[in-house]
Amino acid sequence: MATAVLTPDQLDGQAARLHDTQAWQQIVTGWEHTAAEPTPAPAPAPGPGPARVSDWRGMLSVPVDQLIDDTLRALPAPPPHERPLPGRLGAMLPDRVHLWRRVGQSDLRPSVHLGHARQILAAWGWQNTPYRLRNARGARCVCGAMISAHRLGYGSLDTVDRAGAWLITELRAQGWPGLIGPWNRHPGRTAADALALVDATIRRASLAGQ
């Protein structure tokens, strides 16, 4: 299966171009605004005497046990078990070795894709070698983790671009004017910083329904 190979600079550039489009700005405008909190209903006036704990059961048309059973049956089924992330040896192998894992995988929202990228950073490690997606031990930069998540079957290249645009949106909100790569290799940057950035971006994208 042929797939495009992106460098950190190419991913940065694509995400930046997407971030700067008018359509993208319309998508993210107002993401932080939520609906007003509902006004709480006034408390009922006290009755003539103290209410007994069992009084509310008389208001039900069906037994409590049946309500519980109906509620449990209405709950959504648990999500299917995801394929585990390859171990340290898998981290050191070229990403193209993992392309078979894309077979039969559906596309994802950018926030979900970033969740898999975060798992890669946490399990395989973070690195900030200039202009490198990974190091010899298999640790990834932020862009490298996103590309590896794509290779492992978690999101299309379009999803990777949109996830990158969300990362840039979060960086702008934090006052960083540049791209993801320079942020990743900035002196003093740590793995904790990288995970915190991804976490903040996941929250931002999720709040926007992405």
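## Ground rules

In this predicted model, local features need pLDDT of at least 70 and side-chain atom pairs count only at pLDDT 80 or more, while totals for chains, interfaces and linings use all residues. Residues are numbered from 1 along each chain as its sequence is written, and side-chain values use heavy atoms, with hydrogens and water left out.

## Overall fold

The protein has nine helices and zero strands; helices (H or I, at least four residues) and strands (E, at least two) are DSSP runs, numbered from the N terminus. Buried residues make up 37% of the 210 residues, where buried means under 20% relative accessible area with a 1.4 Å probe, protein chains only.

Contacts here are heavy atoms within 4.5 Å. Of the contacts with a separation of 6 or more, 74% join residues 24 or more positions apart.

## Helix α5

Let's zoom in on α5, which covers residues 110-124. Its 15 residues reach 21 Å from first C-alpha to last, close to the 21 Å expected at 1.5 Å a residue; the expected span is 1.5 Å times one less than the number of residues. Just after α5, Gly125 takes a positive phi of about 100 degrees.

Buried positions in α5 include Ser111, Leu114, Ala117, Leu121 and Trp124. As a reminder, an α-helix has 3.6 residues a turn, so residues three or four places apart point the same way. Ser111 has a relative accessible area of 6%. Beyond its neighbours within four places in sequence, Ser111 is in contact with Ile202, Ala205, Ser206 and Gln210.

## The nonpolar core

A nonpolar core is a set of buried Ala, Val, Leu, Ile, Met, Phe, Trp, Tyr and Cys residues joined through side-chain atoms within 4.5 Å. The largest one has 29 residues, and Leu114, Leu121, Val142, Met146, Leu167, Ile180 and Trp183 touch the most other members. Helices α5, α6, α7, α8 and α9 each supply at least two of its residues, with the largest share, six residues, coming from α6.

Leu121 also has contacts with Val142, Ala145, Leu195 and Val198, among others, leaving aside neighbours within four places in sequence.

## The cavity

On a 1 Å grid over the protein atoms alone, a cavity is a set of points where a 1.4 Å probe fits but cannot get out, and lining residues have an atom within 4 Å of a point. The largest cavity holds about 70 Å³ of space, the volume being that filled by probe spheres set on the points. Of its ten lining residues, Thr129, Cys141, Gly181, Asn184 and Arg185 are the closest to its centre.

Definitions and conventions
Buried < 20%, exposed > 50% of the residue type's maximum accessible area, 1.4 Å probe, protein only. 1 Å grid on protein atoms, 1.4 Å probe; cavity = no way out; pocket = protein on both sides within 12 Å on 5 of 7 lines; lining within 4 Å.
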